[in-house]
Amino acid sequence: LPVSAGGLGWLCVLVIACLLCYITSASTQTYLVTWAIYAIGAISLTVLTGVAGLPSIGNSAFLAIGAYTVALIPFATTSVFVGMALGAVVGGVGGLIAGLPSLRLRGLYLAVSTLALYFIVYSCAQLLEEDTNHPAGYTIPGPQLWSGALLTGRGWYLFLVAVVAVYVFLIRNLLRSRIGRSWLAVRELDSLSGVFGVAPGVTKLTVFVFSSAMVGLSGALLAANSGTIISGDFSLQLGVLFILMIVIGGAGSIGGAIAGSGAAVLLPYFLQQVGQRADPNSMWLSQNAIVLEYGVFGALIVVLLLFYPGGLAGLGRYLLLLAGLVGQRLRGRWRTRVSP
Amino acid sequence: VVLAVSPIVNSAVVGSLSLGGLFALIGIGYATIYRTTRVVNFAQGDFLAVGAFLLSTFLGVAHGNHAIAIPLAIAADAIVGVLIYTLIVRRLVGTDEFSVIVLTFGISIAIESTLTLIYGSSNRFATVGLPTGRINWAGFQFSWLDVAAAACAVIGVVAILALMRFTRWGVDSRALAENPSLAADFGIRTGAVGAVAWALGTGAAALAGIVYGATTNVSLSLADVGLVTLPGIMLGGMDSVGGALVGGVVMGVLISLVTYVGGPDVATIAGYGALLVVLIFLPQGLFGLRRSRVV
């Protein structure tokens, strides 16, 4: 069988993800659907930040670009595929513009330029809503197939799982190709990458365009999923939430991005459950649910960065290493290493 | 003789005076912290909010005595800043630049949630005890708060520049900015020097928050003002205190003019558009040290 151990692991995850919708309630499935959509954005961000080393704070700007593309272009809702394609194209163009400063800037300055882009996109969305008299945002019909059949419930979830699966398959192969290795080279030392035949400027632009196109695509899916979009949905906190996802997962790890987005989506659900167990009738808890949620997010970022910068992927690698050591010892092949 | 000043000119001049002054004051805070500890504190806006909220509390405790409440609020805010630097930020300084950025965003979210939990989401009011009447001078119309904003900015810049120029801390902070580990080798207590920078930076933010909060009201939207000032600081140069003054005033004029013509959303677009242009063509700003390189 031409499948590596890692590939086999991903297949298992895919099977579990598909089975998950048969054993969960409809209300839990809405969380799973959001997870799948956010996972696409988180993977794209981890490729940009973790693999290519280009920091971005303005991730929700590209989500907004994808979502508003679907809302504003009339034929974008004829099929979910058209919406995804248009979201990706417009998101990619936005990424080209956002990536231009990356030709000259590094690190901090680049992060600030994505922040600037976020505020410009956000204010444009607000202006648009005021000028076209849409104070409550735009309504978007649900996701349709070519045949006109509406994707709902389990079908919509399985469709999204398929999208994520294709994306993971493509990105895993892309990262092992010449393009993926050039992204790594740019992260390690951009000024030296030219020695190895990697043009740093072009490479940075490609990764920015690729990542923003995929976030735009997930924005289109988000719009189709939620039914209405309003500029307030795309807050700066949402962008920071995406950073939290890759921090939880461990920057640069695809599996970590998926696990991290799951943690970020399920955390509110989990907190809600804890709150209900603790005091089901508390007015204070229900009134401050969102505030508490964001407080926990913020505290989580601080604690993870201070005490566990490797994230879940680092933890996974550590456990694998530990298991390997234990296995070696059990088989009696353990030898103490003599330091020179 | 009363000169007739058109509303646009009035808004531009008064805007440059008050908004520019406030932007400059906030910018000094960013620059002081960045110069010394190489941290762009994205939670700086939240220290504006903390200062203003604390003032509203202390005014209640001190029965409206501004002479007690305002210094107390600034000091308490600075203590919060020092604690956050010493306990959290310092442990990550010098590692990965992006981690530090994300860390300050995390702190920002945590502070905002804490403030909402303590004070609720309704607006509060905290005056600074200045007369409320408007001043007519040479045809211009402005309030005492506008004067206070400009005065605070000038005093703040002069004070911090003097501290950097004439005290031992100033020399130490420059050494720390240049090379932290070498500075530590020469016996400079890097933690203490950084903590003083954070106290000054967050104290300046508290003062700006108090003045700004008095012009409108005390709410969490004060925290957003911190990010709005970034274009001006980048224009002046991230590590230049004097540059923060110039950049703040320039952006203050731009923002107040564009707001007058096109409204707040257009002003935001103009401000951040200007930031992108500055970042692409002049990343080190007008007065900053040239640290970027073209790749």
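Predicted model: local features only at pLDDT ≥ 70, side-chain atom pairs only at ≥ 80, totals over all residues.
## Interface of chains A and B

The two chains meet through 42 residues of chain B and 46 residues of chain A. The size of an interface is often given as the accessible area lost when the parts come together. Here chain B and chain A bury about 4,000 Å² between them. Carbon and sulfur atoms account for 78% of that area.

Four helices of chain B each supply at least two residues of the side that touches chain A: α3 (66–92), α4 (97–119), α10 (230–236) and α12 (264–281). Of these, α4(B) gives the most, with 15 residues. By class, the side of chain B that touches chain A has 30 nonpolar, 7 polar and 5 charged residues.

What polar pairing crosses the interface of chain B and chain A? The rule finds 3 residue pairs in polar contact, both residues at pLDDT 80 or more.

## Largest pocket

The largest pocket has a volume of about 1,200 Å³. Its lining counts 46 residues. Nearest the centre of this pocket lie S221(B), A223(B), D224(B), V225(B) and V228(B).

## Largest cavity

How many cavities of 30 Å³ or more does the rule count? The count comes to 1. The largest cavity holds about 100 Å³ of space.

Lining the largest cavity are 15 residues. V70(A), A76(A), S79(A), V80(A) and A224(A) lie nearest its centre. Two helices of chain A, α4 (80–99) and α9 (200–226), each supply at least two residues of this lining. The cavity lining has 10 nonpolar and 5 polar residues, with no charged residues.

## Salt bridge

A search of the whole structure finds 1 salt bridge over all chains. R168(B) forms a salt bridge with D172(B). The closest N and O atoms of R168(B) and D172(B) are 3.1 Å apart.

How are R168(B) and D172(B) placed in helix α6 of chain B? This helix spans residues 168–178, and the two residues are 4 apart in it, so about one helical turn separates them.

How values were computed. Residues numbered from 1 in each chain as written. Chains lettered and ligands numbered in written order. Heavy atoms only, no water. Contact = heavy atoms within 4.5 Å. Buried area = accessible area lost by both parts, 1.4 Å probe. Polar contact = N/O pair within 3.5 Å; in protein donor to acceptor, adjacent residues only side chain to side chain. Nonpolar A, V, L, I, M, F, W, Y, C, P; charged D, E, K, R; others polar. 1 Å grid on protein atoms, 1.4 Å probe; cavity = no way out; pocket = protein on both sides within 12 Å on 5 of 7 lines; lining within 4 Å. Points joined across faces, edges and corners; volume = space filled by probe spheres on them. Salt bridge = Lys/Arg side-chain N within 4 Å of Asp/Glu carboxyl O.
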